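Trainee: I would like to learn how to read a fold. Please show me the model and take me through its features.

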Amino acid sequence: MTDTAANPVKPKAALNAKRSFWLKQLHQWHWISAAISLVGLFLFAVTGITLNHAASIPATPVVSEQTATLPAPLVERLEAFPEETTDPVPDAVARWASDALKVSIAGRPTETAPDEVYVALAEPGGDGWLTIDRATGEAVHERTTRGWVAYLNDLHKGRNTGAVWFWFIDVFAVACIVFAVTGFGLTWLHARQRPSTWPLLGLGLLIPVVIALIFIH
């Protein structure tokens with residue numbers, strides 16, 4: 001009698017143990033991915049709004065300009081530089097620009113002509129350039145900034161942000177995917193006790209689909 005009574009309990013106990021295992025795993029990965037992606041998620045959500053309303057947010061560009069003269073030995077070094085090339089400037093010239101104008105041009109491609117070396121210096125939230133007259137050595141550096149909103153918007157788009165930010169976006173995206181997938185798993189496991197779960201989840205899918213089909217042309 002005891003064995004017969006115990007047998008129906010075993011499948012239920014096994015099912016509860018399996019459910020507890022997945023709940024523990026999903027909760028752990030959910031909070032870890034949330035912790036990793038929380039700040040980035042907040043940043044990308046806010047800049048999603050600012051990008052959507054970019055035309056309504058005023059921005060006053062600030063332009064600054066610096067000039068300096070390349071020392072004669074470095075002017076002579078540029079004489080040996082190809083007349084038309086996209087190669088970076090010689091290392092000595094790049095070091096001089098860093099010291100004299102506080103600008104990093106090492107390894108950057110140039111637009112070199114017989115009379116001038118031009119280096120584009122685009123950055124998040126702004127733009128810039130440096131020109132060097134190959135005959136006189138006169139260097140002009142101009143920088144334009146458009147404020148913090150433009151800077152954060154460019155971080156959102158990954159515009160002119162470099163390799164490290166490029167990889168950060170990928171890692172952040174993976175963390176968000178883990179956060180979403182584990183959230184869906186937790187939703188699935190708790191749906192039986194929460195009758196509104198699937199209608200709300202379906203609504204979250206239906207709204208963007210309807211908007212895309214009806215209002216986007």
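Trainee: In what sense do E2 and E3 pair, and over how many bridges?

Mentor: First, the ground rules. This is a predicted model, in which local features need pLDDT of at least 70 and side-chain atom pairs count only at pLDDT 80 or more, while totals for chains, interfaces and linings use all residues. Residues are numbered from 1 along each chain as its sequence is written, and side-chain values use heavy atoms, with hydrogens and water left out. Next, the terms. Helices (H or I, at least four residues) and strands (E, at least two) are DSSP runs, numbered from the N terminus. Two strands pair if DSSP finds at least two bridges between them. Here E2 and E3 pair in the antiparallel sense, over two bridges. A hairpin of three residues joins E2 to E3. Threonine 112 stands opposite valine 117 in E3.

Trainee: In what order do the five strands form the sheet?

Mentor: The order is E1-E5-E4-E3-E2, in an open sheet with antiparallel pairing. Strand E1 (62–69) and strand E2 (111–112) stand at the edges; each has a single partner strand, so one side of each lacks a neighbour in the sheet.

Trainee: How many bridges join E1 to strand E5?

Mentor: Eight bridges join E1 to E5 (residues 138–145), and the two run antiparallel. Within this pair, serine 64 stands opposite arginine 143 in E5. Helix H4 (residues 91–101) packs on the sheet and touches E1, strand E4 (126–133) and E5. The direction of H4 makes about 120 degrees with that of E1. For such angles, axes are lines fitted to C-alpha atoms, for helices over the stretch in contact, and angles run from 0 to 180 degrees between N-to-C directions.

Trainee: At what angle do helix H3 and H4 pack?

Mentor: Helix H3 (residues 72–79) and H4 pack at about 140 degrees, with their axes 10 Å apart. Now for the label. Angles under 35 degrees count as roughly parallel, over 145 as roughly antiparallel, 65 to 115 as roughly perpendicular and the rest as oblique. H3 and H4 are therefore oblique to each other. Which residues meet? Leu74, Arg77 and Leu78 in H3 meet Ala92, Val93 and Trp96 in H4.

Trainee: Which side chains along E3 are buried?

Mentor: Buried means under 20% relative accessible area, exposed over 50%, partly exposed in between (1.4 Å probe, protein chains only). Along E3 the side chains alternate.

Trainee: Why does threonine 112 count as buried?

Mentor: Threonine 112 counts as buried because its relative accessibility is 7%. Contact means heavy atoms within 4.5 Å. Not counting residues up to four places away in sequence, threonine 112 touches Phe81, Pro82, Glu83, Glu84, Thr85, Val117 and Arg134.

Trainee: Where is glutamate 123 found?

Mentor: Glutamate 123 is in the loop between strand E3 (116–120) and E4. At 19% relative accessibility, glutamate 123 counts as buried. Leaving aside neighbours within four places in sequence, glutamate 123 is in contact with Arg143, Thr145, Asp154, Arg159 and Asn160. Glutamate 123 and tyrosine 151 are 28 residues apart in sequence and 8.5 Å apart in space, C-alpha to C-alpha.

Trainee: Over how many bridges do E3 and E4 pair?

Mentor: E3 and E4 pair over five bridges, in the antiparallel sense.
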